[in-house]
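Please open the model in a viewer and follow the selections below in order. Each stop names what to select and then describes what is there.

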Amino acid sequence: MSNLLSDTPTQPWKTVDPQYRIQQLGTHLGTPVLALLFTVITPMAGFTGFCVTWLAFHILSAALLAKYGKKQKSLANAFLEVFVGATIFVFVTFVATVLWPVISNGLVGITHLNLLFEDAGKVGADEPLSKGGLGHAIVGTIIMVGIATLISVPIGILAALYVTEVRGKLTPLVRFFVQAMSGVPSIVAGLFIYSALIVSGILQYSGFAGALALSILMLPTVARTAEEILRLIPDDLRTAALALGGTQWRTVRMVVLPAAKSGLITSAILGVARVAGETAPLLLTAFGNNVLNVNPFSESMSALPSYVFTQMLLGGDNDMARAWFATFVLLTTITILFTSARIVADRMKRN
Amino acid sequence: MSSQDFEFVANSENAMETKDINVWFGDRQVLANVNLEFPTNTVTALIGPSGCGKSTFIRTLNRMHELIPGAKLAGHVMLDNEDIYAAHVDPVDVRLKVGMVFQKPNPFPSMSIGDNVLAGLKLAKRKVDDAEFILEDSLRKAGLWEEVKDRLKTSAGSLSGGQQQRLCIARSLVLKPQILLMDEPCSALDPGSTRRIEETIKELRETVTIVIVTHNMQQALRVSDYTAFFLSEDGRPGHVVENGLTHDIFHKPQDERTDDYVHGRFG
């Protein structure tokens, strides 16, 4: 101890012996090499074989390290650490294998700005990427998801308010319907709008019909998450507002909703994320379109998922490239949406 | 007896009177025949062991009781010569006249300190021209003005527990209630904050009638003019064993159980 009257702040519980770090590094680098060797010389083969042997070696070395290494740990703890690590590895692998082809194939189209701003009106099958684009699908998705949000977020939040605040006699019924609706397959939502509104001639194939189908899917997600959020608001606040002579409506408006604001925004975002990638219901209601249509009440409308679908059916190399790019755009849009919602929510929480 | 044929003439010197208050939760009766008077501009302390129904009783005085699912009630609470449980009375109006401070400080977390104090005006949709004066006046009465005057726009969550409780008191004073109900307002606070609140109570007594539930016998002795001792024995519903001047209850109680309780021999 060189400095008994230590006044430099440290975190002694975080100090790691360098020797231990070397041992750990050895485990992390050594076991995959061992596993690789093992798959080469033994009948254990392929990626699965590698993963299984790697896990086995890793557990073994973690156990040895826990028993004889520089830092003694309980065996159970060492095992658990390896298992949790392995689970996360598997999870990340799954996500990465989905993301990687989208990013690598989608980035091909990023140099062609026309893809973002032009429509596909004059584009034939398998034409080069420098012609036309998917702007009409981006606009269509924004319009339809936007309308669906305007419809289902207020209704969903009102349903949640009925269940948590009003607690009326119909509460079990509302809950049951919301739950039943969340189980509806998306094609059924499309079929419903198709048979109820399009076949009967009330609506034509249009963006609005598509938005209605999407809101059927969005409503239960919004209602359920909003209900969870409102349940988290402490009863103390309601009591305080009521004791100050607030009516129930003013209590909800001035105290409960502001306190739940960031959570409710999250519920709306989750609803958007739920439907932004839907294809099946849109094929039956908005139908799809090759040209830009900004009027949701007349003529069919395209959306990113249905654009991907039709491009893939065309099958040419350039068509596939367009489909990948559209997927990339959809994924990026949703990521941006989520991130911005997070930032908004965090900022509100801080204030 | 329904409220229509009820002919109970309230004493005009009392801000509030209760007549045969009986309370049930579901089928279980928790209060039996509570008759109490709260003289204008006095402090009445409700004491008694846990579970004797003090808090339940105080919540019947501003109709907060009925918010609990399964709650039932019989009896009358007279305020301004009118039974607050009469069919035509809106509970919202009652709560405007009878303010309440809770055991746990409950400021609105999404509002600033200033907005918290004035929240009652907005909740009650009351328009005032001198909001700034009311804000300062209420905070002064609650003994909090000096501590928060420079940060009225910051979040109420940044205050300490004692400050939050005084903020809640200020909040309920904005509506100028005739009666202020306090349900163990100091039980979650340190001695310093408790003393501040007791001083506040003494100052408020000039203008407001106060009913306070407390587990702290010394506090009842320090702040109250009248005391009512509640007890619930052997699973029977809670009732008032003895009530009267605080001095009498503590120094010459008529009932042996009161004597035992105020001298800390049980409870």
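Predicted model: local features only at pLDDT ≥ 70, side-chain atom pairs only at ≥ 80, totals over all residues.

From the N terminus on, its elements run α-α-α-α-α-α-α-α-α-α-α-α-α. In total, chain A has 13 helices and zero strands. The radius of gyration of chain A is 27 Å, well over the 20 Å that the globule rule gives for 351 residues, so chain A is more spread out than a compact globule.

Keep chain A selected and display its C-alpha atoms. Along the principal axes, they fill a box of roughly 80 × 70 × 40 Å. Of the 351 residues in chain A, 36% are buried. Among the contacts in chain A with a separation of 6 or more, 69% are between residues 24 or more positions apart.

Next, turn to the contact between the chains. Chain A contributes 17 residues to this contact, and chain B contributes 21 residues. On chain B, select α2 (91–97), α3 (113–123) and α6 (161–173), the elements that give two or more residues to the side that touches chain A. The largest share of that side, four residues, comes from α3(B). Colouring the side of chain B that touches chain A by class shows twelve nonpolar, five polar and four charged residues.

Finally, colour chain B by pLDDT. The chain B average is 91, and 95% of the residues score at least 70. Now select residues 1–6 of chain B, where pLDDT stays under 50. For this segment of chain B, the model has eight contacts beyond four places in sequence. As for the overall scores, the model has ipTM 0.88 and pTM 0.80.

Methods: Residues numbered from 1 in each chain as written. Chains lettered and ligands numbered in written order. Contact = placed C-beta atoms within 7 Å. Nonpolar A, V, L, I, M, F, W, Y, C, P; charged D, E, K, R; others polar. pLDDT = per-residue confidence, 0-100. Rg over C-alpha atoms; globule rule 2.2 N^0.38 Å. Buried ≥ 20, exposed ≤ 12 C-beta atoms within 10 Å, placed from the backbone.
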